[in-house]
Amino acid sequence: MKLVAIVGTNSERSTNRKLLKFMAKHFSDKADIELLEIKDLPAFNEPEDKLAPTSVEGFSKKIASADGVIIATPEYDHTIPAPLSSALEWIAYTSRALINKPTMIVGASLGALGTSRAQAHLRQILDAPELKARIMPGIEFLLGHSEQVLDDENNLNNPEKVAELEENFKEFQAFVEITNQVVSKADTDRKKAFAWEVN
């Protein structure tokens, strides 16, 4: 299984990046997980020609070619970081590569709540018509006090949270397989087309 994991921040010291690196290592026998950085993408600015910058185009192509997507978001002021919002706006406006794409949301935070509000908001955003990701239902992986449990070698040193993540990831693998079996290309193409763009 080929997955891409989006680091939902441009912070160099993000524990969300550490969490995704742990997942890529820990589940390497179950899936090939490639980390995608948003820190190299420009801030969204609607292009007159509707063409994405090269960096955004490459980012979108990796999402399009993956079987599924994992997004790790921090929580800033009860929502997702502006750079993650910008990256999603680029995708919505250009490739729409997330439409019908099986997606899992995780989050790590320095406090106790583990990005619960940001994850709830991200679910709303991903349900927008131009994004319309197939979001993994019934799962919230919330990692609080992340600086204490993720070390510099990207190890998650909390057996209970590791066990929870393993169960969540097992369910996500099944979700990816089932979603990609039942969702048709025709449905994806239909959702990518909007009446105001026909002409």
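A pocket, on a 1 Å grid over the protein atoms alone, is an open set of points where a 1.4 Å probe fits, with protein on both sides within 12 Å along at least five of seven lines; lining residues have an atom within 4 Å of a point.

This is a predicted model: local features need pLDDT of at least 70, side-chain atom pairs count only at pLDDT 80 or more, and totals for chains, interfaces and linings use all residues. Residues are numbered from 1 along each chain as its sequence is written, and side-chain values use heavy atoms, without hydrogens and water.

**Stop 1: the largest pocket**

Select Ala-64, then Ala-97, Ile-99, Asn-100 and Lys-101. The space inside is about 220 Å³, a volume being what probe spheres set on the points fill. Colour by class: four residues are nonpolar, four polar and four charged. Nonpolar covers Ala, Val, Leu, Ile, Met, Phe, Trp, Tyr, Cys and Pro; charged covers Asp, Glu, Lys and Arg; the others, Gly among them, are polar. Now show helix 7, residues 185-192. With four residues, helix 7 gives the most to this lining.

**Stop 2: the second largest pocket**

Select Thr-9, Ser-11, Arg-13, Ser-14, Thr-15 and Asn-16.

**Stop 3: helix 1 against helix 6**

Show residues 15-26 and 159-182. Helices are DSSP runs (H or I, at least four residues), numbered from the N terminus. These two pack at about 65°, axes 12 Å apart. That makes helix 1 roughly perpendicular (65 to 115 degrees) to helix 6. Which residues of helix 1 meet helix 6? Leu-19, Phe-22, Met-23 and His-26 do, against Val-162, Leu-165, Glu-166 and Phe-169. Contact means heavy atoms within 4.5 Å. Six of the contact residues are nonpolar, one is polar and one charged.

Terms used: Axes are lines fitted to C-alpha atoms, for helices over the stretch in contact, and angles run from 0 to 180 degrees between N-to-C directions. Angles under 35 degrees count as roughly parallel, over 145 as roughly antiparallel, 65 to 115 as roughly perpendicular and the rest as oblique.
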